Amino acid sequence: MVINMKSTKYNKVADRHKPFENRIYNAFVAFISGGVVGFLGELLIEVFCKWIQLSRSDAGMLMILIFIFLASLGTGLGFFDKLVTKFKCGLIIPITGFAHSMTSSAMDYRKEGLVYGIGSNMFKLAGTVIVYGIVSSWFFGLLRYLIGGGA
Amino acid sequence: MLLFNSFLYCGFVCMIAQIILDNSKLSTGHITSIFVCIGAFLDTFNIYDYIVRIVGGGALLPIISFGHSLVHGAIIRSHANGIIGLLMGMFDMTATGITASIIFAFVFSLIFKPKN
């Protein structure tokens with residue numbers, strides 16, 4: 001009983017001294033930065049469609065390639081980490097976060113060698129996305145195949 | 001109009017993720033995994049195709065679209081090859097993104113040194 005009272009009191013004191021985080025401001029920043037990323041994606045697709053006469057699906061592929069390239073290059077040069085800590089989910093949830101996590105884990109383990117460093121640690125953070133993506137989409141694909149009869 | 005829609009949609013998804021991140025103990029790894037599963041679920045009954053038609057390119061960027069295109073490739077291949085096609089076509093549409101990010105990550109980790 002005494003320990004419980006102490007822990008609740010401790011939690012109260014700890015809550016009072018937590019660094020103040022404005023959640024509404026964070027959500028707003030994530031909305032704006034994520035929106036800008038989406039806007040740029042659609043803009044790139046329309047530019048490719050109009051100027052290089054690509055089909056819309058090819059233009060989408062090229063747009064995703066450009067975003068992955070920019071995120072990897074920015075992580076390599078070192079300024080993308082600062083952007084991620086500033087804009088948080090606005091850059092983690094788009095495909096840039098996937099490329100950022102792969103490049104940063106590959107760079108962090110570079111000193112352990114080419115095979116056991118880069119090769120085995122590249123998917124350290126991005127592996128969860130691929131594993132759960134594959135498992136869930138296999139399950140849902142099977143569901144749709146069985147229900148819709150492959151239609 | 002597509003430009004405005006992609007701004008709203010992509011921002012909305014990122015805002016939801018930020019709200020979950022701030023108000024729970026889940027890390028970003030949990031949130032991206034959950035979002036991929038949501039995307040796979042949304043494509044099961046063609047809901048995400050409808051979203052892509054309305055929103056345009058902004059719907060291809062969030063990680064939800066990764067689950068969507070995994071299921072989509074599997075379903076398209078299963079028309080021709082039956083139930084084995086589900087396994088054959090899984091990476092059909094996401095292969096570009098995964099291959100490109102592996103190659104870029106490898107090359108840039110050879111070129112650049114981490115700062116700290």
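**A residue, two chains and their pairs**

Guide: In this predicted model, B:M88 has a relative accessible area of 41% and is partly exposed.

Visitor: In which helix of chain B is B:M88 found?

Guide: B:M88 touches B:R77 and B:N81, leaving aside residues up to four places away in sequence. The C-alpha atoms of B:M88 and B:F41 are separated by 20 Å, and the two residues are 47 residues apart along the chain. The helix of chain B in which B:M88 is found is α5.

Visitor: With which residue do the side chains of B:R77 meet in a salt bridge?

Guide: B:R77 lies in helix α4 of chain B, and its partner lies in the loop between α5 and α6 of chain B, so the pair ties together parts that are 15 residues apart in sequence. B:R77 is partly exposed at 28% relative accessibility. The N to O distance is 3.4 Å, and the partner is B:D92.

Visitor: Is B:D92 buried or partly exposed?

Guide: The relative accessibility of B:D92 is 39%. Buried would require a value under 20%, and exposed a value over 50%. Because 39% falls in between, B:D92 counts as partly exposed.

Visitor: How many salt bridges are found over all chains?

Guide: Side chains of opposite charge can pair when their charged atoms come close. One such pair is B:D92 with B:R77, and another is A:R56 with A:E42, whose closest N and O atoms are 3.3 Å apart. A search of the whole structure gives a count of two.

Visitor: Which parts of chain A does the pair of A:R56 and A:E42 tie together?

Guide: A:R56 is partly exposed at 39% relative accessibility, whereas A:E42 is buried at 0%. The two residues are placed in separate helices, so the pair ties together parts that are 14 residues apart in sequence. These parts are helix α3 (residues 56-77) and helix α2 (residues 23-51) of chain A.

Visitor: How many salt bridges does the rule find across the interface of chain B and chain A?

Guide: In this interface, 68 residues of chain B are in contact with 66 residues of chain A. Nine residue pairs are in polar contact between the chains. For salt bridges across the interface, however, the count is zero.

Visitor: Which element gives the most residues to the side of chain B that touches chain A?

Guide: The elements that give two or more residues to this side are α1, α2, α4, α5 and α6 of chain B. By type, the residues of the side divide into 43 nonpolar, 21 polar and four charged. With 17 residues, the element that gives the most is α1(B).

Visitor: What area is buried between chain B and chain A?

Guide: Carbon and sulfur atoms give 78% of this area. Of the part that chain B buries against chain A, B:L3, B:F7 and B:L61 supply 12%, more than any other three residues. The area buried between the two chains is about 5,700 Å².

Visitor: Is the ring pair of A:F98 and B:F66 stacked, edge-to-face or tilted?

Guide: Eight aromatic pairs are counted over all chains. This pair crosses between chains, from helix α6 of chain A to helix α4 of chain B, and both residues are buried. The ring centres are 5.9 Å apart and the planes stand at 35 degrees, so the pair is tilted.

Methods: Residues are numbered from 1 along each chain as its sequence is written. Chains are lettered from A and ligands numbered from 1 in the order in which they are written. This is a predicted model: local features need pLDDT of at least 70, side-chain atom pairs count only at pLDDT 80 or more; totals for chains, interfaces and linings use all residues. Side-chain values use heavy atoms; hydrogens and water are left out. Contact means heavy atoms within 4.5 Å. Buried area is the accessible area (1.4 Å probe) that two parts lose on being put together, summed over both. A salt bridge is a side-chain nitrogen of Lys or Arg within 4 Å of a carboxyl oxygen of Asp or Glu. A polar contact is a pair of N or O atoms within 3.5 Å; within protein, one must be able to donate a hydrogen and the other to accept it, and residues adjacent in sequence count only if both atoms are side-chain atoms. Helices (H or I, at least four residues) and strands (E, at least two) are DSSP runs, numbered from the N terminus. Ala, Val, Leu, Ile, Met, Phe, Trp, Tyr, Cys and Pro count as nonpolar, Asp, Glu, Lys and Arg as charged, and the others, Gly among them, as polar. Buried means under 20% relative accessible area, exposed over 50%, partly exposed in between (1.4 Å probe, protein chains only). Rings of Phe, Tyr and Trp (its six-membered ring) pair if their centres lie within 6.5 Å; planes under 30 degrees apart count as stacked, over 60 as edge-to-face and the rest as tilted.
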